[in-house]
Amino acid sequence: SSLKWGNGKNQLDNYYKTIQKIAKVSGNNGSHIHISLLDTDRKDIVARVLFLQSIFYEQLQKVAGRKTTWARSPGVMNMEIAREKEEIMCLSGMPAHDKKGVTRGGRRPNYLRSYYMITPTDKNTLEFRGPKGTVKTEEMLAWIELLHNIVKEANRPELFSLSFKDLLK
C-alpha cells in the first residue's frame with residue numbers, strides 16, 4: 001500500500017526514470033517481488049500459496065509474459081501434498097511460517113532456492129519470480145497487486161471455489 005498510496009510510488013517512479021536510460025528489458029529477464037508474511041496470516045499460508053500456484057501455474061506463466069517458462073511448477077497438488085511439500089521445504093532449509101521467523105525445529109533456515117514462480121524465503125517473505133522485467137511503475141504495481149491478491153486469497157477459509165479471475169480483480 002505504501003507503493004500505491006504513499007511516498008514509495010514516487011521513489012519507484014524516480015528509480016525507473018533513472019534506469020530506463022541504461023536498462024534493456026527483454027522477455028528473458030524478470031522482476032522479483034517480495035511480500036511479507038504477517039503474524040495475522042494463516043499458519044499454513046506457504047502450503048496454501050503453493051497449492052494456488054500449482055492450480056494456476058499455466059495462467060500465471062501466460063500473464064508473466066516471459067519468453068521462457070523457466071519457473072518450475074510445484075506440480076499438481078492437493079492441500080495435503082502442499083503441506084507435505086512445505087514440511088520438506090522446511091527440512092531442506094526453507095522456512096516454515098511462524099511468528100519467530102525460524103523453522104519448526106527452532107533454527108534459522110538456510111535459504112535454498114527452489115525455482116518456483118512463488119518461493120518462500122528465509123526473510124519471512126514470499127518471493128514472486130514470475131513477471132518479465134520492467135522499468136514501468138504501473139506494470140510493477142500491477143504485479144505487486146497480483147501477488148498481494150494471491151496471499152490474500154490464500155488466507156481465506158475455502159480455496160476450492162477460487163478462480164483465476166478472482167486473483168486478477
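## Before we start

Residues are counted from 1 along each chain as its sequence is written. Since this is a predicted model, local features need pLDDT of at least 70 and side-chain atom pairs count only at pLDDT 80 or more, while totals for chains, interfaces and linings use all residues; side-chain values use heavy atoms, with hydrogens and water left out.

Helices (H or I, at least four residues) and strands (E, at least two) are DSSP runs, numbered from the N terminus.

## The sheet and what lies on it

Let's begin with the strands. Three of them make an open sheet in the order E1-E3-E2, with antiparallel pairing; two strands pair if DSSP finds at least two bridges between them. At the edges sit E1 (33-36) and E2 (118-120), each pairing on one side only. From one strand to the next, the twist averages 25°. (Axes are lines fitted to C-alpha atoms, for helices over the stretch in contact, and angles run from 0 to 180 degrees between N-to-C directions.)

Zoom in on E2 and E3 (residues 125-128): they pair in the antiparallel sense over three bridges. Ile 118, for instance, has Phe 128 in E3 as its bridge partner. Helices join in here too. H3 lies across E2 and E3, running at about 165° to E2. H6 packs on the sheet as well, touching E1, E2 and E3, and its direction makes about 40° with that of E1. Contact here means heavy atoms within 4.5 Å.

## Two helices that cross

Two packed helices are described by the angle between their axes and the distance between the axes. For H3 (residues 45-55) and H4 (residues 57-64), the axes come within 4 Å and cross at roughly 75°. That makes H3 roughly perpendicular to H4. (Under 35 degrees counts as roughly parallel, over 145 as roughly antiparallel, 65 to 115 as roughly perpendicular and the rest as oblique.)

Who meets whom? On the H3 side are Gln 53, Ser 54 and Ile 55, and on the H4 side Tyr 57, Gln 59 and Leu 60. By class, this contact has three nonpolar, three polar and no charged residues. (Ala, Val, Leu, Ile, Met, Phe, Trp, Tyr, Cys and Pro count as nonpolar, Asp, Glu, Lys and Arg as charged, and the others, Gly among them, as polar.)

## Leu 52, tucked into H3

Leu 52 is also found in H3, and at 2% relative accessibility it counts as buried. (Buried means under 20% relative accessible area, exposed over 50%, partly exposed in between, using a 1.4 Å probe and protein chains only.) Leu 52 touches Ile 150, Glu 153, Ala 154, Leu 159 and Leu 162, leaving aside residues up to four places away in sequence. Leu 52 and Ile 150 are 98 residues apart in sequence, yet 7.7 Å apart in space, C-alpha to C-alpha.

## Salt bridges

Side chains of opposite charge can pair when their charged atoms come close. A salt bridge here is a side-chain nitrogen of Lys or Arg within 4 Å of a carboxyl oxygen of Asp or Glu, and the count comes to six. In one of them, Glu 138 bonds with Lys 9, their closest N and O atoms being 3.3 Å apart. This pair links distant parts of the chain, with Glu 138 in H6 (residues 137-154) and Lys 9 in H2 (residues 7-19), 129 residues apart. Glu 138 is exposed at 52%, whereas Lys 9 is partly exposed at 22%. Lys 9, Asp 13 and Glu 138 are linked in a network of salt bridges.

Arg 156 forms another salt bridge, with Glu 153, at 3.0 Å between the closest N and O atoms. Arg 156 is partly exposed at 23%, while Glu 153 is buried at 12%.
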